Amino acid sequence: MNVTVLGTGGWGLTLGQVLNDNGHKVSFWTFSQAEVNLLSTEHQYKDKLPGVIFPDSFTYTTDMNKALEGAELVLIVVPSQVMGNVCKTFAKWNPQGKIPTVVCATKGILEGTDQRMSEVILENVPWLDSDHVVTLSGPTHAEEVSRRVYTAIIAACPNEESAKQVQKIFSNDYIRIYTSTDQIGTELCGSVKNVIAIASGILYGIGAGDNTRAALITRGQAEICRLGRALGANPSTFAGLAGMGDLIVTCLSQHSRNRYVGECIGKGETLSQVMSHMKMIAEGVPTCKSAKALADSVHVELPIVNAVYEVLFNDKKPAEVIQELMNRDLKPEAEY
Ligand SMILES: NC(=O)C1=CN([C@@H]2O[C@H](COP(=O)(O)OP(=O)(O)OC[C@H]3O[C@@H](n4cnc5c(N)ncnc54)[C@H](O)[C@@H]3O)[C@@H](O)[C@H]2O)C=CC1
Ligand SMILES: O=C(CO)COP(=O)(O)O
């Protein structure tokens with residue numbers, strides 16, 4: 001198949017490598033001429049994935065129409081906050097009557113509109129329909145998948161046949177794809193877990209113990225379930241790869257950028273100080289605002305998300321919000 005990847009961050013390049021391993025022809029679009037120059041000459045992105053050499057057959061361009069020539073599958077992996085603009089350009093491409101499957105591997109919610117990524121894509125690409133937009137999500141750090149570490153994830157689409165098509169295209173002997181028709185739950189889990197991972201990082205930063213982190217992950221999961229249920233997700237998704245699986249890896253992995261942001265803050269940096277030295281995307285930062293707004297809109301309580309919000313955007317100290325969380329009204333565990 002001819003596949004076009006929109007986005008040359010660590011995850012787009014890594015998924016391109018998976019598809020190349022599976023025998024597909026991969027072309028990339030990026031907004032950045034500097035990235036085109038770097039990747040075309042060095043065939044690697046040392047700042048993001050040191051030691052990983054990409055195939056010579058990969059092509060890179062800033063001309064989206066050129067990248068999309070003959071595309072049978074389009075994979076979008078750009079930061080969530082630029083998804084709308086990228087899709088506006090993508091919408092101008094003429095697929096000549098044959099609508100390609102569009103796979104989205106971005107995790108996040110658009111600040112301001114609080115839309116999930118499939119909603120942003122469908123709103124901005126009028127010739128697409130929901131049967132052709134598949135979400136790829138689960139516990140996957142590019143640092144590991146690019147080295148072909150065994151990994152399992154979810155392809156979610158309301159149309160099961162499209163999810164199955166993506167399952168077949170991406171699966172191989174080191175990456176196993178399961179299907180789901182719960183795109184709402186898959187997208188919410190993949191987005192909100194990044195906020196909980198920031199909280200996990202804060203715990204690392206202040207030197208909290210394993211008990212505390214286990215409590216955070218479990219109660220963070222309760223918040224994701226509560227919000228997801230209120231927004232129409234299938235509860236079984238929360239216990240799966242896109243739910244608990246991704247929450248665990250992002251809260252605990254040394255590779256997680258969201259955990260890293262939290263860790264720096266736990267050690268005393270402000271959000272703007274952390275952002276000034278981050279080379280990559282930490283989606284939990286904008287998603288924290290949207291998760292809070294979505295929860296408010298459906299009258300669901302998310303105490304951990306709110307605590308992260310206070311630390312990130314209102315300069316509250318981690319110790320202060322942890323005390324507030326610990327001293328909330330006592331209640332039964334299963335109340336969600
Ligand atoms: N890196 C990982 O391990 C994983 C990342 N993801 C998700 O994939 C998405 C992309 O993340 P990464 O590939 O890690 O990105 P990254 O953090 O490696 O790099 C961001 C990339 O975004 C692109 N970009 C920046 N500004 C842009 C703009 N204005 N317009 C268009 N493109 C722009 C650039 O090509 C840049 O390389 C995020 O939503 C992330 O949560 C999901 C699973 C794993
Ligand atoms: O989504 C991810 C892992 O599944 C990537 O998490 P980070 O963006 O925190 O590195």
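Begin with the contact between the domains, where 22 residues of domain 1 touch 22 residues of domain 2. On the domain 1 side, strand E9 (151-156) and strand E10 (175-180) each contribute at least two residues to the face that meets domain 2, and E9, with 3 residues, gives the largest share of that face. Sorted by class, the side of domain 1 that touches domain 2 holds 7 nonpolar, 9 polar and 6 charged residues. As you look, please keep in mind that this is a predicted model.

To see the two parts separately, colour residues 2-181 as domain 1 and residues 193-326 as domain 2. The C-alpha centres of domain 1 and domain 2 are 25 Å apart.

**Ligand 1**

Select ligand 1 next, together with the 27 residues around it, of which Gly9, Trp11, Ala142, Met280 and Ile281 come nearest. Helix H1 (residues 10-21) provides the largest share of this shell, 3 residues, while domain 1 and domain 2 each give at least three residues to the shell around ligand 1. By class, the shell around ligand 1 is made up of 11 nonpolar, 12 polar and 4 charged residues.

**Ligand 2**

Now move to ligand 2, which is surrounded by 15 residues, the closest being Thr140, Thr250, Ser256, Arg257 and Asn258.

Ser256 counts as buried because 24 C-beta neighbours lie inside 10 Å, and, apart from its neighbours within four places in sequence, Ser256 is in contact with Ala197 and Thr250.

Arg257 belongs to helix H11. Is Arg257 buried or exposed? Arg257 counts as buried, because it has 23 C-beta neighbours inside 10 Å. Once residues up to four places away in sequence are set aside, Arg257 touches Met280, Ile281 and Ala282; of these, Met280 and Ile281 are also among the residues that come nearest to ligand 1.

**Positions listed by UniProt**

An unreviewed UniProt entry lists Lys107, Gly138, Thr140, Lys193, Asp246, Ser256, Arg257 and Asn258 under "binding site". Under "binding site", the unreviewed UniProt entry also lists Lys107, Arg257 and Asn258. Although these are spread over 152 residues of sequence, they cluster in space, with a largest C-alpha distance of 12.7 Å.

From this list, select Lys107, which is placed in the loop between strand E5 (101-104) and E6. Lys107 is buried, because 32 other C-beta atoms lie within 10 Å. Leaving aside its neighbours within four places in sequence, Lys107 is in contact with Ser137, Gly190, Ser191, Asn194 and Glu283.

**Helix H13**

Follow the chain to helix H13, residues 284-297, whose 14 residues reach 19 Å from the first C-alpha to the last, close to the 20 Å expected at 1.5 Å a residue. Which residues of H13 are buried? They are Gly284, Val285, Pro286, Thr287, Cys288, Ser290, Ala291, Leu294 and Ala295. Just after H13, stop at His299, which takes a positive phi of about 55°.

**A last stop at Asp131**

To finish, select Asp131 in the loop between helix H5 (117-124) and strand E8 (133-137). Asp131 is partly exposed, because 14 other C-beta atoms lie within 10 Å. Apart from its neighbours within four places in sequence, Asp131 is in contact with Asn159 and Ser162. If you also select Met83, 48 residues away from Asp131 along the chain, you will find that their C-alpha atoms are separated by 19 Å.

Methods: Residues are numbered from 1 along each chain as its sequence is written. Chains are lettered from A and ligands numbered from 1 in the order in which they are written. This is a predicted model: local features need pLDDT of at least 70, side-chain atom pairs count only at pLDDT 80 or more; totals for chains, interfaces and linings use all residues. Helices (H or I, at least four residues) and strands (E, at least two) are DSSP runs, numbered from the N terminus. The expected span of a helix is 1.5 Å times one less than its number of residues. A residue is buried if 20 or more other C-beta atoms lie within 10 Å of its own, exposed if 12 or fewer, and partly exposed in between; C-beta atoms are placed from the backbone. A residue is near a molecule or strand if its C-beta atom, placed from the backbone, lies within 6 Å of it. UniProt positions are given in the numbering used here, feature names are shortened, and annotations may be inferred rather than shown by experiment. Two residues are in contact if their C-beta atoms, placed from the backbone, lie within 7 Å. Ala, Val, Leu, Ile, Met, Phe, Trp, Tyr, Cys and Pro count as nonpolar, Asp, Glu, Lys and Arg as charged, and the others, Gly among them, as polar. Domain bounds come from an automatic or database domain assignment.
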